[in-house]
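Work through the exercises below with the sequence and the model side by side. Try each task before reading its solution.

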Amino acid sequence: MASNPPGACCASGFKHEGTPTGELKDIGGGVNAYIAYPKEKNPEKAIIIVADIYGIYVNSQLIADEFANNGYLTIIPDIFQGDQLSISDMQSGKVDLASWLPNHQPANVEPPILSTIKYARETLGVKQIGAVGYCFGGKYVCRNLKPGEIDVGYTAHPSFVTHEELGAIKGPLSIAAAEIDSIFTTQLRHESEDILIKAAQPWQINLFSGVNHGFAVRADLSDPKQKWAKEQAFCQAIAWFNQYL
């Protein structure tokens, strides 16, 4: 695999403080979503965030707000249909990934993503879509990075991506990687470089030292090193979308 299945490190992290400014709404197809609006309410470019195992929660919402502050209409679909893992379990160390994952395979997760793409293109009139995948969500950015679906992709510390999925991408892909990561290991990162070269699409891998899997969305913001890496990973995404979207 280009990245390993989710493990214990996918379940750890820190809840962030802040008040999201977007809205929760039903976007059709039985999909609920969080939408963060830029000043221009109907832009032709949008970003879909495919979240980590905690789905729509304050960390992902605040990130969506920041993408909106940078001019991008941003949507986080509820890919888990209300069955996301809880932040309280993360904080108490009681996340049970083994029993949760079987109910959240591609057949379950992909339909809400495709419904969100359809909503963005057909209802909102979006012409180009960028997608951001954190941890669990990275797999689906790669799977759907193709004409008519996702135009430009970005993922931070992806998990569950197969070599075949990475090799089949049909658009630009940027990856933010953690030095300390049992999911996206050094070996798998180098294998991914070889795959991306053969895929012949624009690509980028930035490696952040001294941080762990999950840093781009669940960093300990009281640690200056982690805070800086999280912010730089976000800047990486913005620069990528500004260039290719």
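**Exercise 1. Which residue's side chain does the side chain of serine 174 join in a polar contact?**

Step 1. Serine 174 and glutamine 204 are joined through their side chains by a polar contact of 2.5 Å. The term covers N or O atoms within 3.5 Å, one able to donate a hydrogen and the other to accept it; residues adjacent in sequence count only if both atoms are side-chain atoms.
Step 2. This is a predicted model: local features need pLDDT of at least 70, side-chain atom pairs need 80 or more, and totals for chains, interfaces and linings use all residues. Numbering starts from 1 along each chain as its sequence is written, and side-chain values use heavy atoms, without hydrogens or water.

**Exercise 2. Is serine 174 buried or exposed?**

Step 1. Find serine 174 in strand S7, a DSSP run of E with at least two residues.
Step 2. Its relative accessibility is 0%, so serine 174 is buried (under 20% relative accessible area; exposed is over 50%, partly exposed in between; 1.4 Å probe, protein chains only).
Step 3. Beyond four places in sequence, its contacts (heavy atoms within 4.5 Å) include Tyr154, Gln204 and Trp240.

**Exercise 3. In what order do the 8 strands form the open sheet?**

Step 1. The order is S1-S2-S4-S3-S5-S6-S7-S8, with mixed pairing. Strands pair if DSSP finds at least two bridges between them.
Step 2. Strand S1 (23–26) and strand S8 (203–212) are the edges, each pairing on one side only.
Step 3. S1 pairs with strand S2 (residues 32–36) in the antiparallel sense, over 4 bridges. Here lysine 25 faces alanine 33 of S2.
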